[in-house]
Amino acid sequence: MNKTSPYKPAKVWKWEKENGGTFAKTNRPTAGATHDWERPVGIHPLQLYSLGTPNGVKVTVMLEELLARGFSGAEYDAWLIKIGDGDQFGSGFVEINPNSKIPALMDHSTTKPTRVFESGAILLYLAEKFNAFLPSNPALRAECLSWLFWQMGAAPYLGGGFGHFYAYAPVKIEYCIDRYAMEVKRQLDVLDRHLADNQYMCGDEYTIADIAIWPWYGGVILNRAYDAAEFLDAATYQNLDRWTREIAQREAVQRGRMINRTTGPLEEQLHERHDAKDRPGSGK
Ligand SMILES: N[C@@H](CCC(=O)N[C@@H](CS)C(=O)NCC(=O)O)C(=O)O
């Protein structure tokens, strides 16, 4: 491998041109809104503004799980935010997430509507609001939150690191792919060892830790992430494989992963959800 590079960083970095990667059109080094956008508000207590990526799927799975458990207060409208078109920089979205990333949630059942952004914070907010999918026993609760926060810290290495350089970067850079493949395989091993002795991330109970981890790491196992299952030798993580496939069978998970999805087979896409009767398949 050639370890030298003709690139010498300037004294002060300047944004001079798009870097050519898959998200080059929308990436920029500043925050804030780029255009006016009035946020639509539907009829349900919870209004979700999202897209069917792993971070978005965490929330739609949680909402579907809550509804499946009979919490009618978890009824929601799921609006589509097309991040490839820059919708996350519209003023009405930035108002509820100054970080301009999906998912973002508005709870209209509180006296003054409550905004929540960051998928982990949304899961925790909903778990506390409905007292569900979060153990009440202090030790188990600590375990659950440890794995929830593990996921929030770990997944950027999988998505922003490995996924970016393996699938999206305009050039394949061996150093970067090696670095992140090694870290992602270490993370897969962390999960695999833990799941050897635990049915779910927190023992016997399915919790927000599972809901957070499954879309990302289950995605690798099911080859839904970056087409990298073979490269990462995903089949060797047998306990993680068992957990992934068990969770994939849950009806709420199957419904949740289709909401706000705009890629893959049409029969797995439901671009927006406004009613429990909305069903994927129309491609709309
Ligand atoms: N830590 C955030 C990450 C959210 C995130 O990275 N969202 C991506 C899609 S998965 C996004 O909106 N990207 C748009 C952009 O970066 O402009 C969370 O978990 O909510």
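These questions and answers look at a predicted model.

Q: Why is Val190 called partly exposed?
A: Val190 has 14 other C-beta atoms within 10 Å. Buried needs 20 or more, and exposed needs 12 or fewer. The count of 14 lies in between, so Val190 is partly exposed. Val190 is found in helix α5, residues 174–196.

Q: What makes Ala209 and Trp147 count as touching?
A: Contact requires C-beta atoms within 7 Å. Ala209 touches Trp147, and also Cys144, Leu148, Met201 and Cys202, not counting residues up to four places away in sequence.

Q: How do you know that the buried residues of α7 are on the same side?
A: In helix α7 (residues 238–248), Leu240, Trp243 and Thr244 are buried. They cover an arc of only 100° around the axis, which puts them on the same side of α7. These buried residues pack against α5 and α6. The face turned away from the buried side carries exposed Gln238 and Arg245.

Q: What makes two residues around the ligand count as charged?
A: Asp, Glu, Lys and Arg count as charged. Lys101 and Glu118 are among the residues around the ligand, so they are the two charged ones. The rest of the shell divides into three nonpolar and seven polar residues.

Definitions and conventions: Residues are numbered from 1 along each chain as its sequence is written. This is a predicted model: local features need pLDDT of at least 70, side-chain atom pairs count only at pLDDT 80 or more; totals for chains, interfaces and linings use all residues. A residue is near a molecule or strand if its C-beta atom, placed from the backbone, lies within 6 Å of it. Helices (H or I, at least four residues) and strands (E, at least two) are DSSP runs, numbered from the N terminus. Two residues are in contact if their C-beta atoms, placed from the backbone, lie within 7 Å. The arc is that of the directions from the helix axis to the C-beta atoms.
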